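Hi,

Here is the structure I promised to pass on.

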Amino acid sequence: MNGISPQLQNQIAQYQQVQQQLQAVSSQKMQYDAQKREMARTLEELNAATGDVYKSAGSLLIKVEDKDTLKGDLEESIETMEVRISSLDRQEKSLQEKFKVLSDTINAAMGNATARPEDDEE
């Protein structure tokens with residue numbers, strides 16, 4: 001990175017860091033969204049179930065005596081996932097804005113750097 005100012009090098013490092021954070025947040029958001037959809041399908045099946053219902057506890061299946069409590073737990077878990085997804089969505093948008101600003105700043109600086117003749121090429 002010879003010929004690049006320390007400030008620009010710092011911005012490039014920040015750009016790379018924001019890019020990694022954005023990828024991590026997007027991935028986590030997709031995982032939570034998938035979990036939420038799975039819980040919603042489970043809740044639908046629970047509502048349609050007429051016989052005995054079992055829940056998983058590690059490697060065991062345990063018979064559920066109170067379906068309403070289980071429904072409440074699932075609904076609460078879905079709400080929690082929605083809050084997490086909403087939070088990650090806000091974080092993702094903030095990172096996207098920061099990413100764009102850094103990208104524009106770096107591109108402008110690199111454009112100026114390439115437009116300028118090098119001092120040592122005279």
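Predicted model: local features only at pLDDT ≥ 70, side-chain atom pairs only at ≥ 80, totals over all residues.

Residues are numbered from 1 along each chain as its sequence is written, and side-chain values use heavy atoms, with hydrogens and water left out.

**The second largest pocket**

The second largest pocket holds about 160 Å³ of space. A pocket here is an open set of points on a 1 Å grid over the protein atoms alone, where a 1.4 Å probe fits and protein lies on both sides within 12 Å along at least five of seven lines. The volume is the space filled by probe spheres set on the points, which are joined across faces, edges and corners.

Which residues line it? They are Thr-42, Leu-46, Val-53, Tyr-54, Lys-55, Ser-56, Leu-70, Asp-73 and Leu-74, where lining means having an atom within 4 Å of a point. By type, that gives 5 nonpolar, 2 polar and 2 charged residues.

Helices (H or I, at least four residues) and strands (E, at least two) are DSSP runs, numbered from the N terminus.

One of the lining residues, Asp-73, sits in helix H2. Asp-73 is partly exposed at 41% relative accessibility; the classes are buried under 20% relative accessible area, exposed over 50% and partly exposed in between (1.4 Å probe, protein chains only).

Val-64 belongs to strand S2 (residues 60–64). Because its relative accessible area is 12%, Val-64 counts as buried. Not counting residues up to four places away in sequence, Val-64 touches Val-53, Tyr-54, Lys-55 and Leu-70, where contact means heavy atoms within 4.5 Å. Val-64 and Asp-52 are 12 residues apart along the chain, and their C-alpha atoms are separated by 7.4 Å.

Gln-11, in helix H1, is buried too, with a relative accessible area of 18%. Leaving aside neighbours within four places in sequence, Gln-11 is in contact with Leu-102, Thr-105 and Ile-106.

**Salt bridges**

Side chains of opposite charge can pair when their charged atoms come close. I counted a salt bridge when a side-chain nitrogen of Lys or Arg is within 4 Å of a carboxyl oxygen of Asp or Glu. How many salt bridges does that rule give? The count is 7.

- Lys-29 pairs with Asp-89, with the closest N and O atoms 2.9 Å apart. This links distant parts of the chain, as Lys-29 is in helix H1 and Asp-89 in helix H2, 60 residues apart. Asp-89 is partly exposed at 24%.
- Lys-63 pairs with Asp-52 (3.6 Å, N to O). Lys-63 lies in strand S2 and Asp-52 in the loop between H1 and S1, so the bridge ties together parts 11 residues apart in sequence. Lys-63 is partly exposed at 39%, and Asp-52 is exposed at 54%.
- Lys-100 pairs with Asp-104 (2.9 Å, N to O). The two are 4 residues apart in helix H2, so about one helical turn separates them. Lys-100 is exposed at 52%, whereas Asp-104 is partly exposed at 40%.

There is also a network: salt bridges with shared partners join Lys-29, Asp-89, Glu-92 and Lys-93.

**The aromatic pair**

The structure holds 1 aromatic pair. The ring centres of Tyr-15 and Phe-99 are 4.6 Å apart and the planes are at 20°, so this pair is stacked. Rings of Phe, Tyr and Trp (its six-membered ring) pair if their centres lie within 6.5 Å; planes under 30 degrees apart count as stacked, over 60 as edge-to-face and the rest as tilted. Tyr-15 is in helix H1 and Phe-99 in helix H2, 84 residues apart. Tyr-15 is partly exposed, with a relative accessible area of 23%.

Cheers

Conventions. Nonpolar A, V, L, I, M, F, W, Y, C, P; charged D, E, K, R; others polar.
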